[in-house]
Amino acid sequence: MIFTKLERAEDRYREIEQMMTLPEVILDNKRYSELIKEYKSLEPVIEKFREYKVAEKNMRDSDEMMRESSLDSDLRELAEEEFKEYRALCEKLTEELRILLMPRDPNDSRNVIVEIRQGAGGEEAALFGADLYRMYSMYATSKRFKIEVVSLNETELGGIKEITFNVIGDGAYSKFKFESGVHRVQRIPVTESNGRIQTSTVTVAVLPEAEEVEVEVNPADIKFESCKSSGAGGQHINKTESAVRLTHKPTGIVIECDQERSQLQNKEKALRLLYTKLYDMKLRAQEEEIASTRKSQVGSGDRSEKIRTYNFPQSRVTDHRINKTIYSLDSFLDGEIDCIVDDLITADAAERLKGEEA
């Protein structure tokens, strides 16, 4: 069954390749972009399938060689070893293909809105919030995503009490969705004179950005107010009332947007964030309904759950969901987080595969 699907997928892949060379398709921007998107979604599956076909042919060749009566014992032994290696590789690739063929999270290709908030630990938590924002910014840059700040509340020492920002780019949600939760830091604070290690926390929420059409919002339910930007003081303060505070009356959601000079631009950003928060509420209600069939223990689960610890004295990062520890904290905070993100993606796929087999 799996290989029938793969053969069909490869036929479609070849068909798209040919279609994208046609002048009438190239001139149709919408059609061409749709084909490019489909082509890219098929690419990892087809590459893996072609890798499998090479391994499978090598396995068959080794099997045929083993059956030759004229083969001497040394060559036969070599053929047997090759056969075992290629058989093991085929089994591994088959499992990987099963995961790749699973339905993707429909939100994976979306932009995301990330919220970082100071938790326990006072100024030290705010300083670590700034570290996390820097880490995500560098990671986004490495993936060629764009960062756009919606609102920012800083401290005098350069920490971040709260920040909301967009990550814009195809597949942003697939890379950021596992960051939701409590991030714990263990280090000696800059404000600590006795050299004692302090434990502080920062909470992160990652929301797939929603379109206006995906949620129903009655304009009469939204209250808009103009206000001055919040900040640490001095040059951080916006002297004009270009910032916007939005209140959604039915849910009590309050959103402030203060990063643009234009009140209209801030209003547009605030509305986008409202649609996203309402969409997130809708998604979480759906997840609660299916929680009995599969607990979301790796993905965007409970935001009150401690997901990761950053230990500075040991240069250690531990992700508690997959029990993985690395000892390269500096490079991790420089945005090199794929070493854990990739494992989270794999663990989530394996968990979903178990759910389908159950």
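Modeller: pLDDT is the predictor's confidence in each residue, from 0 to 100, and a contact means heavy atoms within 4.5 Å. This is a predicted model, in which local features need pLDDT of at least 70, side-chain atom pairs count only at pLDDT 80 or more, and totals for chains, interfaces and linings use all residues. Residues are numbered from 1 along each chain as its sequence is written, and side-chain values use heavy atoms, without hydrogens and water.

Colleague: What is the pLDDT over residues 292-301, and how many contacts does the model have there?

Modeller: The pLDDT stays under 50 over residues 292-301, although the model has 18 contacts for them beyond four places in sequence. Where pLDDT is low, the predicted coordinates should not be read in detail.

Colleague: What is the mean pLDDT of the chain?

Modeller: The mean is 85, and 88% of the residues reach 70 or more.

Colleague: Why is the set of residues with I116 and F176 called a nonpolar core?

Modeller: A nonpolar core is a set of buried (under 20% relative accessible area, 1.4 Å probe, protein chains only) Ala, Val, Leu, Ile, Met, Phe, Trp, Tyr and Cys residues joined through side-chain atoms within 4.5 Å. The largest such set has 36 residues, and I116 and F176 have the most contacts inside it. Its largest share, eight residues, comes from α5. The residues that F176 touches, leaving out those up to four places away in sequence, include V112, Y136 and V206.

Colleague: Which residues does the second core include?

Modeller: This separate core of 17 residues includes C257, A270, L274 and L283.

Terms used. Buried < 20%, exposed > 50% of the residue type's maximum accessible area, 1.4 Å probe, protein only. Helix = DSSP H or I, 4+ residues; strand = E, 2+ residues; numbered from the N terminus.
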